[in-house]
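Please look through the sequence and the model shown below before reading on. The notes that follow take up a few places in turn, and each can be found in the structure by its residue number.

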Amino acid sequence: MPASWNRLPRVRHRRLIEWQDRTAPLPDAGVPLLARGNGRSHGDACLNNGGTLLLTRGMDRLIAFDRGTGIVDCEAGILLGDLLRWSLPQGWMLPVVPGTQRITVGGAVANDVHGRNHPVAGSFGRHVLDLDLLRSSGGHLRTSSAEYADLFAATIGGLGLTGLITRVRLQMIPVNNDLMLTKGIRFRHLDAFWEINDGLGREWPYTVARIDGVARGRSLGRGWFLAGRHAPPQPAGTHLPRWRDQSRRMPFDMPSALVNRYTVRAVNALYYRAASLRGRHLQHYQSHLFPLDGLRDWNRIYGRRGFYRYQCVLAREQARDGIRILLKRIAASGQGSSLAVVKTFGDLPSPGLLSFPRPGVTLALNFANRGSRTLRLFSDLDDIVSAAGGALYPGQDVRMSVTMFRRGFPQWERFASLVDPAFSSSFWRRMNP
Ligand SMILES: Cc1cc2nc3c(=O)[nH]c(=O)nc-3n(C[C@H](O)[C@H](O)[C@H](O)COP(=O)(O)OP(=O)(O)OC[C@H]3O[C@@H](n4cnc5c(N)ncnc54)[C@H](O)[C@@H]3O)c2cc1C
């Protein structure tokens, strides 16, 4: 049975339909429909309890590519990783990539995903030129900011609720090669983090910080920055880093109890000390941008009970205080959160009505599922996020309240009027009880 990446919540689908033909009509299912990409969301936006899932991975053809302009036309089930392996040797890169390349183009649009380069590139949806949407009434529609503009805006970040995306036309960015210049910088506490964050500037368009989620006291907020930029052409004779897929598979579910404050503290401390994280390097894009893809099925580390992802964005003015208070509360809870990921969002607006990225700072953490203890912690975190003018990421959520959703996404009513009545999801029913 398809599940979300964090294996929560457990649901049962009535029917699964392998979708391969982008010109086929929608089935007359009698129960709500929902498209599914590669199931990399941490929550119930990709689940449809009691309904039908349209499994789109088989709809993965490349339709056209213009080498001169870098415009790619593809079906929605193609994986970002497959597009990259094909486009990079021709000098073109996806303008926005999240922390895994194992997601589909349809999933990237429907969650309007962001990467480490948000301040310079914005979210994925900004680079979509047009997309085809299959609706229960009206059939196939080509939508863009000029045609069916309302539907286009609702579909970007629209959590699959406006219909089935069958085809997407995207603008890529030119690069010299598949290498990145990278820089790692360690910081001992949160003030040092902000100092580096403010100083990095546009010279390093890809930046992410990992913060030790269990460090307390004077070490609160310690961690390291990883900054990167596309490499210039390399002189002949330079030794170039190559990439071979040496990914391993997590072969079994670990006992959930093994992910606890002691093991997490030990792993975080090891990471923090790792010398290889510091200094400048020339790296292959795969190892720099997608380190987690090196361990397939890593979600099994959290065991069968699964885990929660808590991802929020705080408004820029409130981010300094807000992040300090959040980290203090998390450290005090003793719930052994693993490394927290912090990224800055810039001012480039997202085109979607329900898009998560907005000017500010986003913080994402994974927590082992400890039942009501974990949920109690989250309701405290929600209060802090709300007080800081923030919002939670719907695509990575299983438990936010209706009030928090509506407050964080003030265009939800306009969005709701554009939802296809034949489509729904476990998330959407939770938000519309
Ligand atoms: C290791 C890891 C790192 C991540 N890092 C980031 C990050 O840095 N930034 C970020 O934004 N996200 C990140 N994510 C989350 C992930 O990128 C998103 O959840 C993404 O949307 C998953 O895409 P998917 O193809 O797996 O789609 P799914 O998870 O299967 O579905 C996601 C949504 O897309 C809809 N959908 C999928 N295909 C279609 C279609 N053809 N038509 C209509 N709707 C469709 C589904 O209905 C669902 O609502 C990360 C996830 C993991 C596991």
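Is leucine 159 buried or exposed? In this predicted model, leucine 159 is buried, because 27 other C-beta atoms lie within 10 Å, and a residue needs 20 or more of these to count as buried.

**Backbone angles**
- Leucine 159, which sits in the loop between helix H4 (149-155) and strand S9, has a phi near 55°, a positive value in a residue other than glycine.
- Most residues other than glycine have a negative phi, and most peptide bonds are trans.
- Aspartate 297 also has a phi near 55°, and its place is in the loop between strand S16 (295-296) and strand S17.
- Aspartate 297 counts as partly exposed, because it has 13 C-beta neighbours inside 10 Å.
- The peptide bond from leucine 8 to proline 9 is cis, with omega near -10°, and proline 9 belongs to the segment before strand S1 (15-18).

**The surroundings of the ligand**
- The ligand is surrounded by 32 residues, of which the closest are Gly37, Pro98, Gly106, Gly107 and Gly160.
- Strand S2 (33-36), helix H2 (105-110) and strand S9 (164-171) each supply at least two residues of this shell, and the largest share, four residues, comes from H2.
- Sorted by class, the shell holds 15 nonpolar, 15 polar and two charged residues.

**The nonpolar core**
- The largest nonpolar core has 112 residues, and those with the most contacts inside it are Leu80, Val109, Ile165 and Val168.
- Leaving aside residues up to four places away in sequence, valine 168 touches Cys74, Ala76, Val105, Val109, Val128 and Leu131.

**Helix H8**
- Helix H8 (residues 316-333) has 18 residues and reaches 26 Å from its first C-alpha to its last, close to the 26 Å expected at 1.5 Å a residue.
- A kink of about 35° in H8 is centred on glycine 322, and Gly322 is among the buried residues of this helix, which also include Ala319, Ile323 and Leu326.
- The cover over the buried residues of H8 includes strands S12 (206-211), S17 (307-315) and S19 (360-368), together with helix H9 (372-387).
- Just after H8, glycine 334 takes a positive phi of about 65°.

**Glycine 70**
- Glycine 70, in the loop between strand S4 (62-66) and strand S5 (71-75), counts as partly exposed, because it has 19 C-beta neighbours inside 10 Å.
- The C-alpha atoms of glycine 70 and tryptophan 92 are separated by 6.3 Å, although these residues are 22 residues apart along the chain.

Note on methods:
Residues are numbered from 1 along each chain as its sequence is written. This is a predicted model: local features need pLDDT of at least 70, side-chain atom pairs count only at pLDDT 80 or more; totals for chains, interfaces and linings use all residues. A nonpolar core is a set of buried Ala, Val, Leu, Ile, Met, Phe, Trp, Tyr and Cys residues joined through C-beta atoms within 7 Å. A residue is buried if 20 or more other C-beta atoms lie within 10 Å of its own, exposed if 12 or fewer, and partly exposed in between; C-beta atoms are placed from the backbone. Two residues are in contact if their C-beta atoms, placed from the backbone, lie within 7 Å. A residue is near a molecule or strand if its C-beta atom, placed from the backbone, lies within 6 Å of it. Ala, Val, Leu, Ile, Met, Phe, Trp, Tyr, Cys and Pro count as nonpolar, Asp, Glu, Lys and Arg as charged, and the others, Gly among them, as polar. The expected span of a helix is 1.5 Å times one less than its number of residues. The bend at a residue is the angle between axes fitted to the seven residues ending there and the seven starting there.
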